[in-house]
Amino acid sequence: VIELDVFLGWDFVADEPEDRLIASIGDGFAMFSDGDENDPVGSSEFFGTGGSHWAKSPWSTDETLPTEDPIALEDYDYFLFAGDFEGNSTIFIETTFRQSGAGPRAIQIAAEFEDGTLAFIDEPLSLPDGSYYDFYIDVSPSVLVGDHDPTDEPVAYRVYGYDASGTGNVRITHMNFGTD
């Protein structure tokens, strides 16, 4: 078991849906973007006791994500997690995803910088079936792929789902950012 010193995190548990998107650890907020339309909850929904799973469906059925084409990428839906990442040269995500049978089989994570530049993890995460998958991912700017300054500090992280086989969802049970 890897110990993470969490400085920003979400558990999605609260009485009101909008409160579920306020960080439960640290100072941050989350939102959902339907392509280029930003809406805190958008077409997403909450499952579980107190909303402990944040979910969205449908997702893109495209087999790849156009990470090299910022204009095309604007049409893709994503979860956004924003907060204070300043002063952390190493940043890890610890999270659990689950996709329903027809949901996205791939998840890509990107750091978003103040100038709007995006930098991606090297390989997408795989969700081959409806099981819960735990991930521990290095999302430090120095290891991300993209046209960015590796010493810049991100202002947010985006989670894109794609390669869905139908209209199924992907659920996030928690999202923690920390240092090891």
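Which residue in β13 does Asp5 stand opposite? I looked it up: Asp5 stands opposite Thr179 in β13.

**Ground rules**

This is a predicted model, so I note that local features need pLDDT of at least 70, that side-chain atom pairs count only at pLDDT 80 or more, and that totals for chains, interfaces and linings use all residues. Residues are numbered from 1 along each chain as its sequence is written, and side-chain values use heavy atoms, with hydrogens and water left out.

**Overall layout**

I went for the secondary structure next and found one helix and 13 strands in the chain. Helices here are DSSP runs of H or I with at least four residues, strands are runs of E with at least two, and both are numbered from the N terminus. In sequence order the pattern reads β-β-β-β-β-α-β-β-β-β-β-β-β-β. The radius of gyration is 15 Å, close to the 16 Å from the globule rule for 180 residues, so the chain is as compact as a globular protein of that length. For the record, that radius is taken over C-alpha atoms, and the rule is 2.2 Å times the number of residues to the power 0.38. The C-alpha trace spans about 40 × 35 × 35 Å along its principal axes.

I then checked burial: 49% of the 180 residues are buried. Buried means under 20% relative accessible area, exposed means over 50%, and partly exposed is in between, with a 1.4 Å probe and protein chains only. The chain exposes about 8600 Å², and carbon and sulfur atoms supply 46% of that. These areas come from the Shrake-Rupley method with a 1.4 Å probe, and for residues only the protein chains shown count as cover. On contacts (heavy atoms within 4.5 Å), I took those between residues at least 6 apart in sequence and found that 74% of them join residues at least 24 apart.

**Strand β13**

How many residues of β13 are buried? It turns out 10 of the 10 residues of β13 (170-179) are, so this strand is largely enclosed by the rest of the structure.

I listed some pairings of β13, where two strands pair if DSSP finds at least two bridges between them. Strand β1 (residues 5-10) pairs with β13 in the antiparallel sense over five bridges. Strand β7 (residues 92-99) runs antiparallel to β13 and is joined to it by eight bridges; Phe92 has Gly178 as its bridge partner there. Strand β5 also runs antiparallel to β13, with three bridges, and Ala55 has Arg171 as its partner in β13.

**Salt bridges**

I count a salt bridge when a side-chain nitrogen of Lys or Arg is within 4 Å of a carboxyl oxygen of Asp or Glu. The structure holds three of them.

Asp77 pairs with Lys56, with the closest N and O atoms 2.8 Å apart. Asp77 is in the loop between α1 (70-73) and β6 (78-83), while Lys56 is in strand β5 (residues 53-56), 21 residues apart. Asp77 is buried at 18% relative accessible area, and Lys56 is buried at 2%.

Glu112 and Arg158 meet at 2.9 Å, N to O. This pair links Glu112 in β8 with Arg158 in β12, 46 residues apart, and both are buried.

Arg105 and Asp163 meet at 3.0 Å, N to O. Arg105 lies in β8 (residues 104-112) and Asp163 in β12, so the pair ties together parts that are 58 residues apart in sequence. Arg105 is partly exposed at 34% relative accessibility, whereas Asp163 is buried at 16%.

I stayed on Asp163, which is in β12 (residues 156-164). Leaving out residues up to four places away in sequence, its contacts include Ser60, Asp62, Gly103 and Ala106. Phi of Asp163 is near 60°, a positive value in a residue other than glycine.

Phe12 also has a positive phi, near 65°. Phe12 is in the loop between β1 and β2 (28-34) and is buried, at 0% relative accessibility.

Pro58 lies in the loop between β5 and α1.
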